[in-house]
Amino acid sequence: MVLQSDLLGSKLRPAVVVQADFLNGLIDDTILVQITSTRHGIPGVEVEIDPSQETASGLVKVSYASCTNIVTRDQALIEQTLGVLSDSIMRQIEDCLKRVLELP
């Protein structure tokens, strides 16, 4: 997904939808993990996404799903679907979120 980084819509940023599919259409907001090209280097809080391996991602350079940057946005702010991530990367993001949120 690509979303507006602020309510003014000045810059588009990639993000990963991490909410349950059944919530689509039931609530106006979407839960997202932001994607950045900057690696912060904090162990266990980000997942590397290499577009040479994740060819359907729509990303053009190595990026990081930053599990410390969880946001909710109104669905109207989501501009487009950039691509999809593999089940393997989504499991890594799930594990990363569990670590960050201290979930079992």
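Which side chain meets that of Glu 46 in a salt bridge?

## Salt bridges

In this predicted model, the side chain that meets Glu 46 in a salt bridge is that of Arg 39, with a distance of 3.5 Å from N to O. Glu 46 counts as buried, at 14% relative accessibility, whereas Arg 39 is exposed, with a relative accessible area of 56%. Side chains of opposite charge can pair when their charged atoms come close.

The structure holds 2 salt bridges, and Lys 98 also takes part in one, with Glu 94 as its partner and the closest N and O atoms 3.4 Å apart. Lys 98 and Glu 94 are separated by about one helical turn, because they stand 4 residues apart in helix 1. Lys 98 counts as partly exposed at 29% relative accessibility, and Glu 94 is partly exposed too, with a relative accessible area of 39%.

## After helix 1

Glu 102 lies in the segment that follows helix 1, which spans 87-101. The phi angle of Glu 102 is near 55 degrees, a positive value in a residue that is not glycine. With 72% relative accessibility, Glu 102 counts as exposed.

Thr 30 belongs to strand 3, made up of residues 29-36, and counts as buried at 4% relative accessibility. The side chain of Thr 30 makes a polar contact with the side chain of Gln 75, at 3.5 Å. Leaving aside neighbours within four places in sequence, the residues in contact with Thr 30 include Val 17, Gln 19, Val 71, Thr 72 and Arg 73, as well as Gln 75 and Ile 78.

Definitions and conventions: Residues are numbered from 1 along each chain as its sequence is written. This is a predicted model: local features need pLDDT of at least 70, side-chain atom pairs count only at pLDDT 80 or more; totals for chains, interfaces and linings use all residues. Side-chain values use heavy atoms; hydrogens and water are left out. Helices (H or I, at least four residues) and strands (E, at least two) are DSSP runs, numbered from the N terminus. Buried means under 20% relative accessible area, exposed over 50%, partly exposed in between (1.4 Å probe, protein chains only). A polar contact is a pair of N or O atoms within 3.5 Å; within protein, one must be able to donate a hydrogen and the other to accept it, and residues adjacent in sequence count only if both atoms are side-chain atoms. Contact means heavy atoms within 4.5 Å. A salt bridge is a side-chain nitrogen of Lys or Arg within 4 Å of a carboxyl oxygen of Asp or Glu.
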